[in-house]
Amino acid sequence: IGDDPAMNDEQIAKSTVLQFAMKIFLAADNEDRAGQATKKTGRLFLVASQFLEVTRVFGAVSEEIEERIKYAKWKAADIIRALNEGRTP
C-alpha cells in the first residue's frame, strides 16, 4: 500500500480501512456460506458494515461498497434474528 509514490496519505488511509473492512466481511461471508453462522458471524457482518461506512469520510464510495454495506447490515440482522428465533441462520 505505502510503496506507491502516486498515492497520498488520504488514499493510503482509505485503502487500509477498505482492506481491513473487506477482510472482516469475507471472514463473515465465508462462515455464513459454509453454513457455520453464529452470533459471532452476525457481529462480524455488523463490524464490517461499520468499517465500510468509515470509508465515506474519504469521499464517495462505489456502488459495490454501498451494496456490501447494505448486505452486511441485512445479513447481521438476519443471522441474529434467526438465532433469537431458534432457527438455523
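This is a predicted model: local features need pLDDT of at least 70, side-chain atom pairs count only at pLDDT 80 or more; totals for chains, interfaces and linings use all residues.
Along the principal axes, the C-alpha atoms occupy a box of roughly 50 × 20 × 15 Å. Of the 89 residues in the chain, 30% are buried. The accessible surface amounts to about 5,700 Å², and carbon and sulfur atoms account for 54% of that surface. When contacts between residues at least 6 apart in sequence are considered, 55% of them join residues at least 24 apart.

Helix H2 comprises residues 39-54. Its 16 residues, at 1.5 Å a residue, should span 22 Å, and the end C-alpha atoms lie 23 Å apart, which agrees with that expectation. The buried residues of this helix are Thr41, Gly42, Leu44, Phe45, Ala48, Ser49 and Leu52. Around the helix axis these residues cover an arc of only 160°, so they lie on the same side of H2. The partners against which the buried residues of H2 pack are helix H1 (9-33) and helix H3 (63-84).

Phe45 is one of the buried residues of H2. The relative accessible area of Phe45 is 0%, and this residue is therefore classed as buried, the cut-off being under 20%. Apart from neighbours within four places in sequence, Phe45 is in contact with Phe25, Ala28, Asp29, Asp32, Tyr71, Ala72, Lys75, Ala76 and Ile79. Among these contacts, Phe25 is 20 residues away from Phe45 along the chain, and the C-alpha atoms of the two residues are separated by 5.9 Å.

A nonpolar patch on the surface is formed by Phe20, Val47, Phe51, Val54 and Val57. Together these residues have about 400 Å² of accessible area. H2 supplies the largest share of the patch, with 3 residues.

Terms used:
Residues are numbered from 1 along each chain as its sequence is written. Side-chain values use heavy atoms; hydrogens and water are left out. Helices (H or I, at least four residues) and strands (E, at least two) are DSSP runs, numbered from the N terminus. Buried means under 20% relative accessible area, exposed over 50%, partly exposed in between (1.4 Å probe, protein chains only). Contact means heavy atoms within 4.5 Å. Patches are made of residues with over 30% relative accessible area and no salt bridge: like charges are joined within 9 Å, nonpolar side chains (Val, Leu, Ile, Met, Phe, Trp, Tyr) within 5 Å. Accessible areas come from the Shrake-Rupley method with a 1.4 Å probe; for residues, only the protein chains shown count as cover. A salt bridge is a side-chain nitrogen of Lys or Arg within 4 Å of a carboxyl oxygen of Asp or Glu. The expected span of a helix is 1.5 Å times one less than its number of residues. The arc is that of the directions from the helix axis to the C-beta atoms.
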